[in-house]
Amino acid sequence: MATAVQTLDISPVGRVEGDLDVRVDIRDGVVVEAYTQAELFRGFEVILRDKDPQAGLVVTPRACGICGASHLTCAAWALDTAWQAEVPRNAILARNIGQLVESLQSMPRHHYGLFMIDMVNENYRHGKFYDEAVRRYAPFTGANYEIGVTVSGKPVEIYALFGGQWPHSSYMVPGGVMCAPTLSDVTRSWSILEYFRTNWLEPVWLGCSMERYEQIKSYDDFMTWLNERPEHANSDLGMYYRISEDIGLMKFGAGLGKYVSWGYIPHEDRYQHPTIDTRQQSVVMKGGVYDAKADKFHPMNQSFTRESTTHGWYDEGNNPVHPFNRTTKPMQSNDRDFNGAYTWCTEVAHEQLGRLEAGPLSRQLIAGGDLGEPWQHSDPFILDVYKKMGPSLWLRHFARMHEAVKVYRQIEHCLREFRLNEPFYIKPRERDGQGWGATEAMRGALAHWIEVKGGKISNYQIIAPTTWNVGPHDAQGGRGPIEEALVGTPIANPADPVEVGHVARSFDSCLVCTVHAHDAKSGKELARFRTA
Amino acid sequence: MANMLWLQGGACSGNTMSFLNAEEPSACDLVTDFGINVLWQPSLGMDMGENVQKLLRDCVSGAIPLDIFVFEGTVVNAPNGTGTWNRFAGRPMKDWVKELTAAAQFVVALGDCATWGGIPATAPNPSDSKGLQFLKKQHGGFLGANFKSKAGLPVINIPGCPAHPDWVTQVLVAVATGRAGELELDDLQRPKTFFKSFTQTGCTRNMHFAYKVSATEFGQRKGCLFYDLGCRGPMTHSPCNRILWNRQSSKTRAGMPCLGCTEPEFPFFDLAPGSVFKTQTMMGVPKELPEGVDKSAYIKLTAAAKSASPAWAEKDIFVI
């Protein structure tokens with residue numbers, strides 16, 4: 001009995017570009033194997049074939065309603081590099097502000113709407129902070145849930161001032177942006193930002209000023225801060241630490257131990273003549289790869305990217321290919337076969353370093369690394385916590401929370417730097433060519449590859465953070481990042497495996513789980529749970 | 001008190017994200033003040049696993065009365081009509097949709113994907129996607145032209161990519177407060193109160209439209225986007241310039257041409273080369289004219305407008 005393997009089919013775990021299902025095998029109450037399955041195919045790459053070169057500006061933001069500005073950013077920079085456009089300084093700032101406010105929006109929305117509601121799960125009813133968690137985080141009625149969900153709409157009001165609406169604007173175009181903001185657009189943006197800070201970021205999220213929070217550079221600094229004042233311990237950041245410690249979230253969900261970021265926020269004075277090869281040295285937040293086991297940092301370059309479809313529902317052979325060489329041929333039949341194909345996601349890898357995890361944790365580890373340009377942003381905090389406490393789902397989400405203040409500061413920078421009398425757009429000449437655009441969506445590394453031939457798109461490829469993270473097993477039998485992070489997860493109650501939800505949601509695989517249990521050998525359902 | 005169930009098919013979650021921007025009422029207000037009982041929503045629910053499946057089955061059987069079924073995203077039919085390219089809880093989403101729409105008092109298609117098929121249904125429509133009761137302009141869609149929900153209404157179409165949060169929250173409040181009978185729908189089953197007027201209604205560039213002053217390229221501080229940049233504001237029905245986006249602005253106010261995303265043909269011309277952000281013209285005259293205007297009248301109007309155009313109209317107006 002003790003060694004029986006129980007299999008849970010979790011369908012869906014989350015919806016990023018559609019439904020995510022997870023199958024986990026459990027032995028002695030611990031996950032021993034996991035398979036992540038993306039369950040929706042819409043075929044955006046297929047739709048974009050033979051279309052207007054600018055079609056990606058309309059179509060790709062609609063790939064993901066949560067990361068539309070991030071997709072638009074990639075689509076615009078990809079065309080800029082293909083068309084050899086010049087992008088004026090103001091336009092770089094106006095694009096950055098769109099990317100940044102979308103990320104800031106995602107901070108409370110994911111934290112309250114998707115992540116913390118699991119702390120109200122009745123599996124934790126004996127926890128030290130359960131009553132407080134219910135008071136704060138219960139869906140719709142929790143005090144902080146309501147504040148957080150409502151305030152999450154604020155940052156994207158700034159997006160509307162520059163792009164007209166959020167989500168799904170196409171205001172970034174090759175050569176710049178469509179808007180020509182006025183002084184009152186800028187001053188109103190400041191006011192909205194201030195509202196966000198004084199009504200939520202400082203009093204609710206941090207329990208202190210941004211300046212005090214920014215003094216934290218190490219794990220010890222953080223612990224000093226946590227114990228310094230009750231406002232710190234009782235802030236949502238402090239409460240997250242304390243709840244996580246109490247219910248054991250620092251003990252599982254580690255993952256592959258190899259991390260990737262493209263870096264983002266092109267510097268307004270350093271990327272006005274964008275090319276594929278100069279991007280990585282032109283962004284404020286540096287990109288790279290961190291191999292934690294070897295404790296080594298490596299530069300990242302788009303040419304290292306490889307995609308395979310060994311376990312995906314695609315007829316494209318089993319050899320790893322660069323995105324420029326992908327053909328996107330979906331299989332007609334998508335039956336699930338864990339030895340064969342079981343997902344619409346591909347296996348993304350670095351040609352030498354293998355499978356990598358994308359996301360805020362990756363960004364913040366790389367921010368602490370000894371790589372990049374001296375002027376690029378660096379921050380040792382999360383790397384220090386990683387070295388002191390090791391990886392876990394807790395740290396993955398903690399790194400995300402840590403980014404709120406620095407994203408806020410970058411928005412301030414954009415608003416300060418606009419020179420309203422200078423151009424926001426320089427009309428480019430349309431031409432054929434290859435382009436690449438990248439950014440960091442809130443949930444991680446995003447890039448678009450475009451090839452324009454004969455005045456139309458001959459190939460368009462998107463690798464989203466979810467493609468990195470949700471990818472299936474690979475040809476060598478290695479697991480994808482979420483699959484690997486799930487292995488070792490303790491499941492207290494197989495009828496309600498909230499721990500699987502924590503791990504999946506720490507990757508910002510944002511939506512809900514439906515779970516039913518199967519016998520590993522027969523595939524038949526063992527039991528139906530929680531029918532009350 | 002009204003039970004609402006909200007599912008996503010071939011979707012990007014953009015309508016959910018837009019919905020979460022709502023104020024007056026906010027998503028939380030709908031629950032706490034207006035008695036909308038959210039049985040389940042992909043972004044907002046706590047229930048997991050068998051609870052959700054039982055809930056869906058109870059909605060289908062009538063054990064739980066389903067007052068409002070909101071669907072976001074396309075109905076995916078690929079491959080070969082099986083719908084397995086979009087599975088939900090272990091079965092094709094389209095099978096759930098068929099059963100739940102039959103059980104619901106009101107069915108709301110939210111966003112372009114659910115209304116007309118939207119971006120996924122753009123040629124070659126790889127996922128064989130349909131809207132609930134339309135495929136592009138063609139009446140019928142997944143449920144068929146004769147479908148009526150239990151309350152006797154066809155699918156209530158709230159298009160837009162995404163839909164503005166107010167367009168859906170106000171309809172939900174109307175249902176919750178017993179005023180759904182007052183909803184008037186147009187030929188495309190859109191609530192007239194939102195979709196009778198044009199996107200251009202209330203646009204800050206209307207004077208430039210009247211005097212035929214064009215924004216000839218992006219980033220300018222004057223001009224109408226209709227003449228050169230492909231704006232569809234005069235041919236598109238939406239309240240985007242009456243009910244502002246994110247409480248602040250609209251695409252045309254910010255300098256972005258309307259793409260016509262509340263109309264069934266969106267994205268227009270299937271994004272053929274040369275069609276994006278460019279007005280399609282013939283001998284200098286836009287091929288598509290403002291709704292109801294004929295070509296010879298348009299040419300006369302242009303001549304009159306240009307001769308009447310004051311000097312200020314050619315100068316920057318949205319200045320710093």
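Predicted model: local features only at pLDDT ≥ 70, side-chain atom pairs only at ≥ 80, totals over all residues.
Chain B contains ten helices and 13 strands. Chain A meets chain B through 84 of its own residues, which are in contact with 72 residues of chain B.

**Chain B as a whole**

- The secondary structure of chain B comes to ten helices and 13 strands.
- With a radius of gyration of 21 Å, close to the 20 Å that the globule rule gives for 320 residues, chain B is as compact as a globular protein of that length.
- If you follow the C-alpha trace of chain B along its principal axes, it spans about 70 × 45 × 35 Å.
- Of the 320 residues in chain B, 57% are buried.
- Take the contacts in chain B between residues at least 6 apart in sequence: 66% of them join residues at least 24 apart.

**A closer look at Phe19(B)**

- You can find Phe19(B) in helix H1 (residues 14-19) of chain B.
- Is Phe19(B) buried or exposed? Phe19(B) counts as buried because it has 29 C-beta neighbours inside 10 Å, and 20 or more are needed for that label.
- Leaving aside residues up to four places away in sequence, Phe19(B) touches Ala27(B), Pro165(B) and Val168(B).
- Pro42(B) is 23 residues apart from Phe19(B) along the chain, and 12 Å separates their C-alpha atoms.

**A sheet in chain A**

- Strands of a sheet pair through backbone hydrogen bonds, either parallel or antiparallel.
- In chain A, four strands form an open sheet with mixed pairing, in the order S10-S9-S6-S13.
- Which strands are the edge strands? They are strand S10 (296-298) and strand S13 (357-358) of chain A, each pairing on one side only.
- Strand S9 (residues 288-291) of chain A pairs with S10(A) in the antiparallel sense, over three bridges.
- Asp291(A) has Lys296(A), in S10(A), as its bridge partner.
- Helix H13 (residues 360-367) of chain A packs on this sheet, touching strand S6 (258-261), S9, S10 and S13 of chain A. The direction of H13 makes about 90° with that of S6(A).

**Where chain A meets chain B**

- On the two sides, 84 residues of chain A are in contact with 72 residues of chain B.
- Several elements of chain A give two or more residues to this side, including strand S1 (5-15), helix H4 (89-115) and helix H7 (155-163).
- The largest share of the side of chain A that touches chain B comes from H7(A), with seven residues.
- By class, that side of chain A has 42 nonpolar, 27 polar and 15 charged residues.

Methods. Residues numbered from 1 in each chain as written. Chains lettered and ligands numbered in written order. Rg over C-alpha atoms; globule rule 2.2 N^0.38 Å. Buried ≥ 20, exposed ≤ 12 C-beta atoms within 10 Å, placed from the backbone. Contact = placed C-beta atoms within 7 Å. Pairing = 2+ DSSP bridges. Axes fitted to C-alpha atoms, helices over the stretch in contact; angles between N-to-C directions. Nonpolar A, V, L, I, M, F, W, Y, C, P; charged D, E, K, R; others polar.
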